[in-house]
Amino acid sequence: MSKQNRFVKDMTQGTPWKLLLQFAVPLFIGNIFQQLYNMVDSVVVGKFVSSNALGAIGTTGSLHFFFFSLVGGLSVGIGIIVAQFFGAEEEEKVKDTIGNAIWIIGAASIAMALIGFFAARPVLVLLQTDPVILNDAVAYLKVTSIGICCMGLYNGVSSILRALGDSKTPLFFLIFASIVNVILDFVFVLAFGWGVIGVGIATAFAQFLSAVTCIIYAYYSNTYFKLKKRNFKLKGSIARKSLRLGVPVALQNSLISFSLIVLQAIVNSYGAQFTTAFTVVSRIETLVQQPFMSLGAAVSTYTGQNLGAGRIKRVVKGFNSANVINTAFAVVIIAVFWIFTPQIVSIFGDNPKVIKYAVDGLRITSCFYLFLGLIYPTRNVLNGAGDAVFSLLTGIVECIGRVGFAYPLTLIPFMGSYGVFYATGLTWFLNGIFSLIRYKRGKWKTIHLVKMQTETAGQKSEASDKSAIE
């Protein structure tokens with residue numbers, strides 16, 4: 001490994017659980033700082049603007065996720081291809097994939113940013129957003145939609161770096177951007193009085209900063225980003241693989257976000273206070289999911305590299321290790337939430353009714369965290385293997401779960417509005433079980449996205465495998 005590529009990690013050798021944790025910890029820290037954007041937005045708006053303004057930010061979350069889903073899906077697909085080419089030791093094809101990614105992700109980011117900007121008001125009106133928070137919600141969604149261009153660039157580069165086993169480089173610049181975002185939140189809201197628009201501008205600028213700095217550093221510090229003119233030439237095989245893997249993931253994300261939009265519409269029908277409480281629960285649970293997501297991303301890279309090298313048994317070992325870690329974390333966090341929920345929720349404001357809704361909702365959904373923890377390793381083994389059909393199927397399952405459960409559960413007398421929280425938990429249960437069944441069927445073992453240059457490139461010594469997992 002060259003000095004320039006000191007953060008690049010070959011995950012086809014070494015103890016699986018150690019590799020996964022070494023990869024996941026920097027990613028987890030980065031995700032926490034990334035969520036700090038949203039957390040600080042919520043705290044600043046809730047404390048220094050109004051609870052209605054906080055509800056306005058919360059009601060746009062699922063829509064923003066929907067507009068970004070195509071870009072996020074393509075980033076995942078490209079990352080899978082890079083990981084498998086890296087595992088197969090195809091350096092030139094890694095570079096070709098990176099060059100093609102610039103065109104693919106760039107075009108998708110611009111398109112979705114424009115759609116999000118111009119569709120903001122019509123969609124929010126269609127979702128019956130409370131008139132009290134409508135104008136703030138529209139303004140915030142328009143500003144953050146523009147930021148999709150920057151999010152796309154950052155996610156594309158960081159997805160490629162993670163595919164190469166490097167989860168540290170994106171972390172450095174994300175932390176810097178997060179600090180800038182926090183400072184600008186206070187400046188734009190407290191000093192300039194810009195309200196939710198100021199929070200949106202701070203977030204968009206922080207995303208721009210993280211994207212630009214990460215790209216510049218990656219170019220100068222990683223030889224895989226030293227591209228030549230030929231690497232930028234669009235290649236049909238790479239574009240087709242990127243779309244074949246990325247579009248199903250994008251559709252998965254779109255279906256998930258659609259189900260969240262439907263859920264948000266039901267939440268909105270219960271008024272601004274319940275919408276605010278739902279926003280608080282969503283913000284907290286986004287943080288809870290970060291360890292699961294970080295380990296899942298580690299599993300995806302680990303799977304891609306090892307399948308590229310032809311090491312299926314190592315993938316199984318890594319999957320089992322990830323599930324043990326996630327189960328332990330889920331048990332601990334459930335206990336914490338049942339004991340300290342009121343104190344946690346009160347960070348976001350002091351409205352008694354909002355606090356009661358949020359405390360009850362968080363305790364309901366926490367009962368399903370074991371299934372939430374199961375989803376991420378399973379989904380990412382299958383995604384890392386290139387099981388494109390699964391990505392679409394899991395999106396359908398999640399959509400059916402939320403859309404099918406949410407409204408009927410709210411009609412049950414003893415549930416009422418809390419039915420939306422039960423719907424979320426039951427959706428995690430369905431998706432976890434479905435993903436596990438798909439994994440157990442083993443189809444992912446027969447998918448071959450890349451061809452090894454030589455037999456030995458994909459058949460490293462069995463003795464090395466055994467020593468690495470003992």
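Modeller: Happy to! On a 1 Å grid over the protein atoms alone, a pocket is an open set of points with protein on both sides within 12 Å along at least five of seven lines. Please keep in mind that this is a predicted model. The largest pocket here holds about 260 Å³ of space. It is lined by 15 residues, and those closest to its centre are Ile98, Ile102, Val157, Ile215 and Phe225.

Start with helix H3 (residues 61–87) and helix H5 (residues 131–146), whose axes are 10 Å apart at an angle of about 25 degrees. Angles under 35 degrees count as roughly parallel, and H3 and H5 are therefore roughly parallel to each other. H3 passes H5 in a right-handed crossing. On the H3 side you will find Leu63, His64 and Phe67, which meet Leu141, Thr144 and Ser145 of H5. The residues of this contact are three nonpolar and three polar, with no charged ones.

Next come helix H11 (residues 312–345) and helix H12 (residues 352–366), with axes that come within 9 Å and cross at roughly 165 degrees. That angle makes H11 roughly antiparallel to H12. Here, too, the crossing of H11 past H12 is right-handed. H11 brings Ile334, Phe337, Trp338, Thr341, Pro342 and Val345 to the contact, and H12 brings Ile355, Ala358, Val359, Leu362, Arg363 and Ser366. By class, nine residues of the contact between H11 and H12 are nonpolar, two are polar and one is charged.

To finish, look at helix H9 (residues 236–268) and helix H10 (residues 272–308), which cross at roughly 140 degrees, their axes coming within 8 Å. This angle makes H9 oblique to H10. Leu263, Gln264, Val267 and Asn268 of H9 make the contact with Phe274, Thr275 and Phe278 of H10. Four of the residues in the contact of H9 with H10 are nonpolar, three are polar and none is charged.

How values were computed. Residues are numbered from 1 along each chain as its sequence is written. This is a predicted model: local features need pLDDT of at least 70, side-chain atom pairs count only at pLDDT 80 or more; totals for chains, interfaces and linings use all residues. Side-chain values use heavy atoms; hydrogens and water are left out. Axes are lines fitted to C-alpha atoms, for helices over the stretch in contact, and angles run from 0 to 180 degrees between N-to-C directions. Helices (H or I, at least four residues) and strands (E, at least two) are DSSP runs, numbered from the N terminus. Angles under 35 degrees count as roughly parallel, over 145 as roughly antiparallel, 65 to 115 as roughly perpendicular and the rest as oblique. A crossing is left-handed if the near helix is turned anticlockwise from the far one by less than a right angle, and right-handed if clockwise. Contact means heavy atoms within 4.5 Å. Ala, Val, Leu, Ile, Met, Phe, Trp, Tyr, Cys and Pro count as nonpolar, Asp, Glu, Lys and Arg as charged, and the others, Gly among them, as polar. On a 1 Å grid over the protein atoms alone, a cavity is a set of points where a 1.4 Å probe fits but cannot get out, and a pocket is an open set with protein on both sides within 12 Å along at least five of seven lines; lining residues have an atom within 4 Å of a point. Grid points are joined across faces, edges and corners, and a volume is the space filled by probe spheres set on the points.
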